[in-house]
Amino acid sequence: MPGDSLPQHVAIIMDGNGRWAQRQGKKRSSGHRAGAVAVRRVTQAARRRGIPFLTLYAFSTENWNRPASEVSTLMRLLEVFVARELPSLQENDIRLNGLGDWDALPPRTRKSLARALSATAGNQSLTLTLAINYGGRDEILRAARRLCQDWRQDNRPPGAISQDDLASRMDSPGLPDPDLLIRTAGEKRLSNFLVWQAAYSELYFTDVCWPDFGEEDFDLALAAYAQRTRKFGGL
Ligand code: IPE
Ligand code: IPE
Ligand code: MG
């Protein structure tokens, strides 16, 4: 694949853990566990292909609406997953990064994430960003609040606000916009993911449920991306 047809930033809405489990007569929690294995697989695949940014939607601001037992399973899974993967992240020069409002996470999950973030801060080959308690609208709202505060402090006119002023107050200002956004399990919606940043992302949908999503599926998405013509409104 020619170098410039490789996306620099791939973002994934990892969907279908529950359906994958239900189809096999298993509990939803086993789907989430299998989903964690897929995270490891796809992260390694991205690393091997030289993609510098991979962002995964792990828990949305709307996912609190699920039964409390499922929410706590997911939080515990995140906590354990990050701790368990830390040696492999180091070995593969992967930096862990985050999106979302982590203040509302259970302290143990937050601690595990914070530890991995600081331990991998110097790694450079791949930035793996986990979106947890993340909602695009919530992110924009929080950025707008910061912006208002700064503006009021300096007594600046609203007309002076640029797109960059807002973008630089988002959760991870250093992250480029995603070139390719993948959603698994057949659903064709954003579900509040990267509402601002995905304005010009190429969208790719597959029916494969996330726990089954493997290296070949990732390559199919990359091949589809390589065929796209990006125009950004031009000719
Ligand atoms: C995605 O799988 C994982 C999360 C949203 C945390 P789902 O749990 O949404 O699986 P389905 O959509 O019910 O099959
Ligand atoms: C989106 O999946 C959120 C994550 C993948 C974390 P959902 O399964 O929660 O989305 P909806 O409810 O089908 O839109
Ligand atoms: Mg779902």
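User: What makes β2 and β4 paired strands?

Analyst: Strand β2 (residues 53–60) and strand β4 (residues 126–134) run parallel and are joined by seven bridges. Two strands pair if DSSP finds at least two bridges between them, so the pair meets the definition. One bridge sets L56 against L130 in β4. Strands are DSSP runs of E with at least two residues, helices are runs of H or I with at least four, and both are numbered from the N terminus. This is a predicted model, in which local features need pLDDT of at least 70, side-chain atom pairs count only at pLDDT 80 or more, and totals for chains, interfaces and linings use all residues. Residues are numbered from 1 along each chain as its sequence is written.

User: Why is β4 called largely enclosed by the rest of the structure?

Analyst: Buried means under 20% relative accessible area, exposed means over 50%, and partly exposed lies in between (1.4 Å probe, protein chains only). Nine of the nine residues of β4 are buried, so the strand is largely enclosed.

User: How do you know that β3 and β4 pair, and in which sense?

Analyst: Six bridges link β3 and β4 in the parallel sense, and L96 stands opposite L128 in β4. The chain passes from β3 to β4 through helix α4 (residues 107–119), in a left-handed β-α-β crossover. A crossover is right-handed if, with the strands pointing away from the viewer, the path from the first strand over the helix to the second runs clockwise.

User: Why are β3 and β6 said to stand at the edges?

Analyst: The open sheet has six strands in the order β3-β4-β2-β1-β5-β6, with parallel pairing. β3 (94–99) and β6 (202–205) each have a single partner strand, so one side of each is left without a neighbour in the sheet.

User: Why are α2 and α7 called oblique?

Analyst: The axes of helix α2 (residues 28–49) and helix α7 (residues 215–227) come within 9 Å and cross at roughly 50°. Axes are lines fitted to C-alpha atoms, for helices over the stretch in contact, and angles run from 0 to 180 degrees between N-to-C directions. Angles under 35 degrees count as roughly parallel, over 145 as roughly antiparallel, 65 to 115 as roughly perpendicular and the rest as oblique. The two helices are therefore oblique to each other.

Terms used. Chains lettered and ligands numbered in written order. Heavy atoms only, no water.
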